[in-house]
Amino acid sequence: MTQILPLAGYRVVDLADEKGELAGRLLADFGAEVIRVEPPTGARSRLLPPFAPSGTSLYFAYRNANKLGHVLDLESEAGRASLLDLLARADVFIESEMPGRMASLGLDPKTLSERFPHLVVLSISDFGQTGPYRDWVATDATMCSVSGMQFKAGVQGREPLLTPGAMAYDIAGVMGAFASMTALYQRERTGYGQTIDLSVLEAVAQQTDWSFSNGSMTDAKLQEAPQTRFGSGPMYRIFPCKGGFVRLVILSPRQWQAMRAWLGEPEYLQDKKYESFLGRMEIAEALNVMIGDLFATMTHEEVAFEAQKRGIVCTPVLAPGEVLENVHFRSRKTFVDAEYARGERGPVPAGFFEIDRERQGFRTRAPEKGEHSARIAAGLWPDHRSKPVHPRPAPSRPFEDLRLLDFGIGGVGVEAARLFAEYGADVIKIESRTYPDFIRTVMSTPLSGSFASSSRSKRGLGINLKTEEGKRLLHELARHADIVTENGSTGTMDSLGVGYEALSKTNPRIVLASSQLLGDHGAWADWIGYGPSTQPIGGLVHLWDYEQGDEPAGSTSIFPDHLAGRLLAISALAAVLRRRKTGRGGHASVAQAEAVVHMLGDLLLKEGIAPGSVKPRGNRSDRGAPWGTYPCAGVDQWVTISVRDDADWAKLKMAIGDPEWTKDPRYATAAGRLATQNELDAALTEWTKARTKLGVTSILQMFKVPCAPMFTARDQIHDPHYQARGYVRWLDQQIVGWMAMEGPCFHASGMQDVTIFQAPLMGEHTRAIARDVLGLSEEEIEAKLAAGVLEAAS
C-alpha cells in the first residue's frame, strides 16, 4: 500500500548551489515540498559535469529530482521580497553561500530566524561560519584533501587519490538533511526553528573512518605512528582473478578456518596462531600467493559466490556498467528507468532509504529553470506558518525524550545510535559476553579506540538473548524504547526473536532501523561483509583509482561505514517523524552497498546513458585544469589545487609570480588547458615541491584560488581551524586512556552542545537499567545475574 511520506506537509526553500544540494533532495525524497530557487542566469550546478550527450548536467539533474523550479533575482529588492514571502510560509530554508554573502543582501541567518521564529535556517559552507579558514575558497576536491578522506587512498610512490564524483559536497548534503530533520523534530516540542551552521569540512571528517580517534591515542602517548596509504592494505586486500578482481576480508577465526579448508587444509597452515590476523601477517606473502593462484582460475563473481557460500567475506570489484546490470541490484530495483530531465531518460538510483519495504526516493525529474514559477507565484503555499506565542526557550537536547536500543556491531548501527546519543537520546548498547560488538574486542582488549569512538555517550547493558528470560526482558525494555538500531546479517534479529514483527507486537510505536551489507532483501541479501566490502560491489573501488592502472589502487578507509550509519539515523528519524502523524512505528532500512551506489549516482546515470564513458580519472576533473594533488616539500606532503575557469587561472598565474611558462597561448582557454594537463601538472609541480603544503595553501588562498593541504587524521587534531570550531574533543576513556573524539559537524542556535562521555564497558550499566527502566528489585537483579540472564561489568 502507499505510505504516508514522513515529511509530507513540510515546506522547504532550497538555495543550495553545488555544495549540499543533496540535503534538499533527501528532504524531498521523504515527501517535503521543496522549491529550488535559482538566479535568472541559472544555478551554477547546471554547468557542472558529468554531462549527458545532450549537454544536460547530470550533477544538477541527480541532486534536484523531486523539487519544484523557481527563479528569483536576490540582487533586486523585488526578488528579496518574494523570497521573504516564501520564507514566511516555509519550514526550512537552505543556503550554501560564502559566509557573509547572505548578510550583504540583508538575509543573514540570524535576522531571518528572528523575523520568522518558526523557520529552520540551514547554512552549508565549506569551513563553517566561524574559524580561521571560514573565507577560504574551495571545491569538492580540496575539501576531500583537507577533511582526511584522501590520505589513505592510493599506493606509496604515487600521489594520494581524490574520491570520484562529488563525495564531500554530497556528504555535507546528507548531514544537512539530518540537521534539518533534527531541528524539525525539536520544533515539535519547542515551537521554534533555529539557525544551523554546517561545515562541509567537519561533515566529511566525521565520515572517513576511525583514524582520527586512533591517531589521537598515539599522539597522547607521544608515539610516532605515520599515517599514509598502503593501497588496499593487508586487511582489505584485492586479488586478481579471471577477467576481474575481488576484495577478500578474513578477520574472524571462523572465516580463516573456512579459507583454510578451501585451500585444502595444508598441514603448514594448522598452527593456532594463524587464527588471528596478526598471526597470519607472519606468512602473508606466501598465503597471498596461494590465494591468488586459487582465485586465478575463476571469474570475480565465481570467486565471490564460492567464498560467500563458505562463510568468507568476499565481494567482486564491479565496473559502472556491471553495477547497472548486477542481478542483486536489479532484484532490489536499485535503479529506475526514468526521465531525469525533460525528454531524457536513463537509469536513476531509486533512493537511499526504504521504510516498510517502500522506497523513499525518486519520483519526478529535476525542474527546468523557473518551470514552476507561475504556479508558485499564484499561491502554491497559501498560508503563512504561525509564529510561536511563548518566549523562545533556552537551547536543549533535541532527542532528550527518546530512548534507543543499540544492537549495532562494527561501524554502521553503532554510528547511527551515536548520533542520537550525542543529541540527547538515552542510548543503551546491547551486548553479551558470548556476542560482543566485534569492534570492541578487535584488539583483544575489553575495549578498543574504534569502539570508544562509535559507542561513546551510551550506556551498556549485558543481556543473554539465548535465554527465554533474556528475550522477555528485552521485550519489556522495548516497551520503553522508541528506536532499535541493528546491522547484523540478514535474519539475525528475527532468529533472536527481536525482529520488527515481534518488536512491533510488543510496542506498535517502535521503529526498527536496519542496515545490511546488501540490504535485507534481494538476490544476494544473505551475503556477509564489512564496510570496505561494499566499495567493490558499488563501483567505488573501480573508480577510486589512477587513470592508467593495472589493478585497482585501493584504499584502507572503511568508508562507507560511517556514512551508512548516518543514513540509517536519518531513516530512523524519518520514521519517528512519520509516527507523529500515524501513531505507529515502522521498519526503516538502508543497504550499505546502495549508499555507495547513490554517492556515485550521477556517474552511474551517465554510464547508463553512454555505456563505457565512465572510467577512473585519478585526480583530474572535466571541470578544469590544472586540477589535482601536487607534491610539496617534505616526506609525503601534498596539496590539492583546483582551477575551475579562466578567472581561477588568471589568479593562479599571479599567485605563482606569472612565470614564463604560463604565457603559452594554449593555456589561455579551458579547452587548451584540459588538452595539456600533463605539461601543466609538471610545471606546477616544480613550483609546489619547493614549498610546504601550508605555504602553498597560504599563497593561493591569498589570491582566492581553491587550494587545501592534504591532511592526515593527526594533522586534523593539531590544526587551528579544527580546534577553533570545537571539533577536537579530548577525554580520558577507560581502558585506552586519553583520546580525541570527533566533535559535531554543525552548530545550532537551539541545541545544546553535543553530549560526549566515555564509552561503556560491557554491561557497565546493567544494574541501573534493570532497576530504573525495567523496574526490577535488587534481589531480582542479582538473581538474574547469577542465572546468566543479565551480565554486568566486574
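Reader: How do I read the lining of the largest cavity by class: how many nonpolar, polar and charged residues has it?

Author: First the sorting: Ala, Val, Leu, Ile, Met, Phe, Trp, Tyr, Cys and Pro count as nonpolar, Asp, Glu, Lys and Arg as charged, and the others, Gly among them, as polar. Here, the largest cavity has 8 nonpolar and 2 charged lining residues, with no polar ones. Keep in mind that this is a predicted model, where local features need pLDDT of at least 70, side-chain atom pairs count only at pLDDT 80 or more, and totals for chains, interfaces and linings use all residues. Numbering runs from 1 along each chain as its sequence is written, and side-chain values use heavy atoms, with hydrogens and water left out.

Reader: Which residues line the largest cavity?

Author: A cavity is a set of points on a 1 Å grid over the protein atoms alone where a 1.4 Å probe fits but cannot get out, and lining residues have an atom within 4 Å of a point. For the largest cavity, look at R25, A61, Y62, A65, Y340, V348, F362, R365, A366 and L605.

Reader: What volume has the largest cavity, and how many cavities of 30 Å³ or more does the structure hold?

Author: Volume is the space filled by probe spheres set on the points, which are joined across faces, edges and corners. The largest cavity comes to about 40 Å³, and the structure has 3 cavities of 30 Å³ or more.

Reader: And the second largest cavity: which helices each supply at least two residues of its lining?

Author: Helices are DSSP runs of H or I, at least four residues, numbered from the N terminus. In this case they are helix 9 (211–220) and helix 31 (713–718). The lining takes in S147, G148, F151, T208, D209, S211, F212, A713 and Q716. By class, that's 3 nonpolar, 5 polar and 1 charged, around a space of about 40 Å³.

Reader: Now the second largest pocket: which residues lie nearest its centre?

Author: Unlike a cavity, a pocket is an open set, with protein on both sides within 12 Å along at least five of seven lines. Nearest the centre of the second largest pocket you'll find P164, G165, L603, R620 and S621, out of 31 lining residues. This pocket holds about 630 Å³ of space.

Reader: Which helix gives the most to that lining?

Author: Helix 26, with 3 residues. At least two residues each come from helix 2 (58–63), helix 6 (140–146) and helix 26 (601–609). Sorted by class, the pocket's lining has 13 nonpolar, 7 polar and 11 charged residues.
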